[in-house]
Amino acid sequence: MFDLFKSRKRERLRAEPFPDEWRRTIERNVPIVRRLPPQDRQELFGHVAVFLAEKHFDGAGGLELTDEIRVTIAAQACLLLLHRDTDYYPLLKSIIVYPSTYVVPGDQPLGGGLWEEGDDVMLGHTSHRLSAMVLAWDSTLHGARSMSDGENLVLHEFAHQLDFEAGDANGTPALGSNAQYASWARVLGAEYEALRRASEEGRPSVLDDYGAEDPAEFFAVATEAFFERAVELRAKHPALYEELRAFYEQDPAGWTTGEPT
Ligand SMILES: [Zn+2]
């Protein structure tokens with residue numbers, strides 16, 4: 001997987017000077033990066049350079065792709081890769097960006113063998129079998145710029161990619177040891193059930209309701225909260241926070257407030 005030629009090329013890309021224009025785009029559009037320790041910021045820039053060299057981007061629905069769009073997506077995607085051995089989302093080849101929400105034609109079963117053509121309005125999507133991800137640019141930008149609301153489309157979709165890399169989309173990414181798998185299953189299983197109950201009873205949670213859909217959505221939603229509502233997540237769900245901290249090898253609750261330094 002990590003062949004020598006590829007890893008040397010990546011090393012070269014990471015060592016190249018990071019374009020000022022890209023840095024300014026990240027500062028403007030992805031303010032969470034300002035909260036990272038300086039060495040993490042450098043690591044992130046290196047990952048962004050590799051990501052942009054390896055992934056194919058396509059504009060759809062009349063969207064003209066710009067470096068701003070590519071860099072804004074890459075910076076968020078690469079936040080999930082810091083500190084870990086990474087193969088840069090190996091299952092994902094291309095990212096298709098729409099200007100806004102887009103409609104996906106779908107078939108809805110009505111029972112009794114009848115089907116109705118239906119349309120789903122989508123903000124973003126990625127799937128286990130496609131090597132593509134679809135994102136709506138307006139939601140991407142909104143999610144990136146509001147860094148404390150626990151909603152971030154790009155972090156959500158890329159968390160799904162990490163899940164897929166480990167095989168089934170079941171809410172468990174590749175972990176380091178059997179002990180880590182055991183505690184992940186115990187903690188995330190219990191937290192998922194708790195969110196389902198809270199959602200049924202209409203009780204608010206740090207975690208978005210959507211995480212009650214299934215364990216894969218739970219992991220994606222928990223990832224959004226981990227990076228964007230870290231202090232609250234750590235206070236209200238300490239065991240969950242700890243599992244995510246161990247997996248991501250990052251501690252966002254300890255980051256600065258993001259004020260310019
Ligand atoms: Zn999802």
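Modeller: Start with Tyr 89. Its relative accessible area is 0%, below the 20% cut-off, so Tyr 89 is buried. Keep in mind that this is a predicted model. Tyr 89 sits in the loop that runs between helix H4 (67–79) and strand E2 (94–98). Now look at its backbone. Phi of Tyr 89 is near 50°, which is positive, and the residue is not glycine. Most residues other than glycine have a negative phi. Glu 249 also has a positive phi without being a glycine, at about 50°. Glu 249 is found in the segment after H10. With a relative accessibility of 42%, Glu 249 is partly exposed, whereas Tyr 89 is buried.

On one side is strand E2, where Ser 94 is placed. Ser 94 has 16% relative accessibility, so it counts as buried, the limit being 20%. What does Ser 94 touch, leaving aside neighbours within four places in sequence? Its contacts are His 56, Ser 131, Ala 132 and Met 133. Take His 56. In sequence, 38 residues separate it from Ser 94, yet the C-alpha atoms are 4.5 Å apart.

Two packed helices are described by an angle and a distance between their axes. H4 packs against helix H3 (residues 38–54) at about 120°, with 9 Å between the axes. H3 is therefore oblique to H4. Their crossing is right-handed. H3 brings Leu 44, His 47, Val 48, Phe 51 and Leu 52 to this contact. H4 brings Arg 70, Val 71, Ala 74, Ala 75, Ala 77, Cys 78 and Leu 79. Sorted by type, the contact of H3 with H4 has ten nonpolar residues, one polar and one charged.

Now for another helix pair. Helix H6 (residues 153–165) meets helix H8 (residues 215–228) at about 130°, and their axes are 8 Å apart. H6 and H8 are therefore oblique. H6 crosses H8 in a right-handed way. From H6, the residues in contact are Leu 153, Leu 155, His 156, Ala 159, His 160 and Asp 163. From H8 come Ala 216, Glu 217, Phe 219, Ala 220, Val 221, Thr 223, Glu 224 and Phe 227. This contact of H6 with H8 holds eight nonpolar, three polar and three charged residues.

Phe 219 leads on to the rings. Two rings pair if their centres lie within 6.5 Å. The count comes to 17 aromatic pairs. Phe 219 and Phe 247 have ring centres 6.1 Å apart and planes at 70°, so their pair is edge-to-face. Phe 219 belongs to H8 and Phe 247 to helix H10 (residues 238–248), so the pair ties together parts 28 residues apart in sequence. Phe 219 is buried, at 0% relative accessible area. Phe 247 is buried too, at 5%. A further pair is Phe 226 with Phe 227: the centres are 5.0 Å apart and the planes at 80°, so it is edge-to-face. Both Phe 226 and Phe 227 are buried.

Which residues do the ring pairs link into a cluster? They are Trp 184, Phe 219, Phe 226, Phe 227, Tyr 241, Phe 247, Tyr 248 and Trp 255.

Technical notes: Residues are numbered from 1 along each chain as its sequence is written. This is a predicted model: local features need pLDDT of at least 70, side-chain atom pairs count only at pLDDT 80 or more; totals for chains, interfaces and linings use all residues. Side-chain values use heavy atoms; hydrogens and water are left out. Axes are lines fitted to C-alpha atoms, for helices over the stretch in contact, and angles run from 0 to 180 degrees between N-to-C directions. Helices (H or I, at least four residues) and strands (E, at least two) are DSSP runs, numbered from the N terminus. Angles under 35 degrees count as roughly parallel, over 145 as roughly antiparallel, 65 to 115 as roughly perpendicular and the rest as oblique. A crossing is left-handed if the near helix is turned anticlockwise from the far one by less than a right angle, and right-handed if clockwise. Contact means heavy atoms within 4.5 Å. Ala, Val, Leu, Ile, Met, Phe, Trp, Tyr, Cys and Pro count as nonpolar, Asp, Glu, Lys and Arg as charged, and the others, Gly among them, as polar. Rings of Phe, Tyr and Trp (its six-membered ring) pair if their centres lie within 6.5 Å; planes under 30 degrees apart count as stacked, over 60 as edge-to-face and the rest as tilted. Buried means under 20% relative accessible area, exposed over 50%, partly exposed in between (1.4 Å probe, protein chains only).
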